[in-house]
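Hi,

Here is the structure I promised to pass on.

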Amino acid sequence: MKKAFLTGITGQDGSFLAELLLSRGYEVHGLIRRASTFNTGRLDSIYIDPHAPHAHFFLHYGDVSDGGGVRRLLQQVQPDEVYNLAAQSHVKVSFDQAEFTADAVALGTLRMLEAVRNTVESTGKEIRFYQAGSSEMFGASPPPQNEETRFYPRSPYAVSKVSAHWYAVNYREAYGLFIANGILFNHESERRGETFVTRKITRGLTRIHLGLQNKIYLGNLDSRRDWGHAADYVRAMWLMLQQDHPDDYVVATGEAHTVREFLDEAGAILKMDWKKVVELDARYLRPTEVDNLQGDASKARRKLNWRPEVNFQELVRRMVEHDLALARQEKILHESGYGTVVSGYRHA
Ligand code: NAP
Ligand code: F7E
């Protein structure tokens with residue numbers, strides 16, 4: 001049985017990847033941060049009590065800012081594959097928390113690479129490493145972006161991801177480690193964090209539809225993103241670690257839409273005129289914006305035989321339907337006196 005170790009397992013991608021690996025017979029180990037509230041909601045459907053016989057899903061407390069802790073865990077688990085997904089992943093927040101973002105995203109990756117290097121050196125066992133790179137690294141470089149496109153990062157988050165990317169390349173070349181960099185364009189889902197624009201829109205419009213909220217406040221509606229579904233993208237991560245040689249790959253649908261078009265699509269499903277309920281709030285504008293991301297994933301298609309299965313319309317439909325069901329539950333709870341309706345719902 002292969003063993004995988006995931007940082008960021010409680011996040012959107014971590015939960016989809018853990019499901020994929022379990023379905024392929026892996027023993028899965030995940031790093032979780034200690035928090036004052038539960039942060040494992042996305043893992044509820046796959047959680048197995050570690051006391052159960054034949055349990056093959058384990059969570060370990062840790063943090064990528066704690067190098068000693070992650071090194072000890074890797075020595076203990078001795079995984080075959082490590083997926084480094086941990087990050088302060090919100091671009092706008094990275095302008096407010098630049099040092100913290102660099103610590104988790106850039107130095108966190110370096111700490112994980114050091115832990116892998118030490119474990120490989122002390123055990124002699126190969127560990128394959130996936131680094132979660134981002135299309136934000138291309139920033140202001142014009143589309144279509146592929147593996148040859150120059151990095152031109154436009155936020156502390158993106159600068160930190162570029163740094164992590166080059167640490168990964170350097171450790172591959174310096175120590176002969178199997179390290180793959182995925183350069184993933186935006187991918188969303190029903191589990192997307194609620195302050196990213198797609199989910200903010202689907203949560204907001206569905207709540208407005210049911211009378212739970214009046215407005216959504218957004219920033220720049222003109223930026224273009226290449227949006228895919230997270231379940232398709234974690235499959236590409238796994239494929240990268242199954243190749244004969246480590247390499248770097250762009251993962252994208254090749255199709256870009258503006259935030260405005262996302263609103264049009266979601267509004268059409270709900271038969272709502274979003275223009276009546278969306279307002280601009282300048283606090284959601286970024287000091288430097290990334291205007292236009294559209295990926296060219298021909299290398300991943302050719303070498304990994306990877307193709308996305310969910311297109312833009314299907315992605316929006318799934319997110320709207322999911323959030324409509326969630327809003328209905330909220331409404332029922334509220335009407336039966338069990339829930340509090342929060343208005344002006346999400347911030348960031
Ligand atoms: P996400 O939902 O924001 O999840 C981030 C994960 O990192 C969470 O599990 C979070 O834990 C964990 N984390 C944050 N700081 C940490 C720290 N200091 N130590 C340990 N864990 C920490 O992000 P995602 O969308 O799943 O993305 C996964 C990775 O891919 C990230 O590295 C992201 O930057 C990158 N990426 C994402 C996209 C995208 O469109 N989704 C595109 C390209 C690259 P808590 O749950 O405790 O907060
Ligand atoms: O913004 C605009 C915003 O925060 C998309 C992360 O997963 O993907 C994500 O980063 C666009 C931007 O994602 C609001 O200005 C307008 O142009 O959903 P987002 P992102 O910044 O593209 C990349 C690939 C990652 O790697 C990141 O980790 O939408 N926008 N109004 C808004 N964005 C937000 N969040 N909130 C608004 O109100």
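**Where ligand 2 sits**

Ligand 2 lies between domain 1 (3–189 + 227–251) and domain 2 (197–224 + 255–287 + 311–337), because both give residues to the shell around it. The domain bounds come from an automatic or database domain assignment.

Before the rest, some housekeeping. This is a predicted model, in which local features need pLDDT of at least 70 and side-chain atom pairs count only at pLDDT 80 or more, while totals for chains, interfaces and linings use all residues. Residues are numbered from 1 along each chain as its sequence is written, chains are lettered from A and ligands numbered from 1 in the order in which they are written, and side-chain values use heavy atoms, with hydrogens and water left out.

Back to ligand 2. There are 25 residues around it, and Ser89, Ser134, Ser223, Arg286 and Glu289 come nearest (a residue is near if one of its heavy atoms lies within 4 Å of the molecule). By class, that shell has 10 nonpolar, nine polar and six charged residues (Ala, Val, Leu, Ile, Met, Phe, Trp, Tyr, Cys and Pro count as nonpolar, Asp, Glu, Lys and Arg as charged, and the others, Gly among them, as polar).

As for polar contacts (pairs of N or O atoms within 3.5 Å), side-chain N or O atoms of Ser134 and Glu289 are each 2.6 Å from an oxygen atom of ligand 2. For Tyr157, the side chain has an N or O atom 2.7 Å from a ligand 2 oxygen. Taken alone, ligand 2 exposes 700 Å², and the protein buries 96% of that (accessible areas by Shrake-Rupley with a 1.4 Å probe). The elements giving two or more residues to its shell are α6 (197–209) and β8 (216–218) (DSSP runs numbered from the N terminus: helices are H or I, at least four residues, and strands are E, at least two).

**Ligand 1**

Which residues are closest to ligand 1? Thr10, Arg33, Asp63, Ser89 and Tyr157, out of 24 that surround it. The shell has nine nonpolar, 10 polar and five charged residues. At least two residues each come from α1 (12–23), β5 (128–134) and α5 (156–175), with β5 supplying the largest share, three residues.

The backbone takes part here: an N or O atom of Gly11 lies 3.0 Å from a ligand 1 oxygen, and a polar backbone atom of Ala87 is 3.2 Å from an oxygen of ligand 1. The side chain of Arg192 has an N or O atom 3.2 Å from a nitrogen of ligand 1. On its own, ligand 1 exposes 900 Å², of which the protein buries 89%.

Cheers

Key:
Polar contact = N/O pair within 3.5 Å; in protein donor to acceptor, adjacent residues only side chain to side chain.
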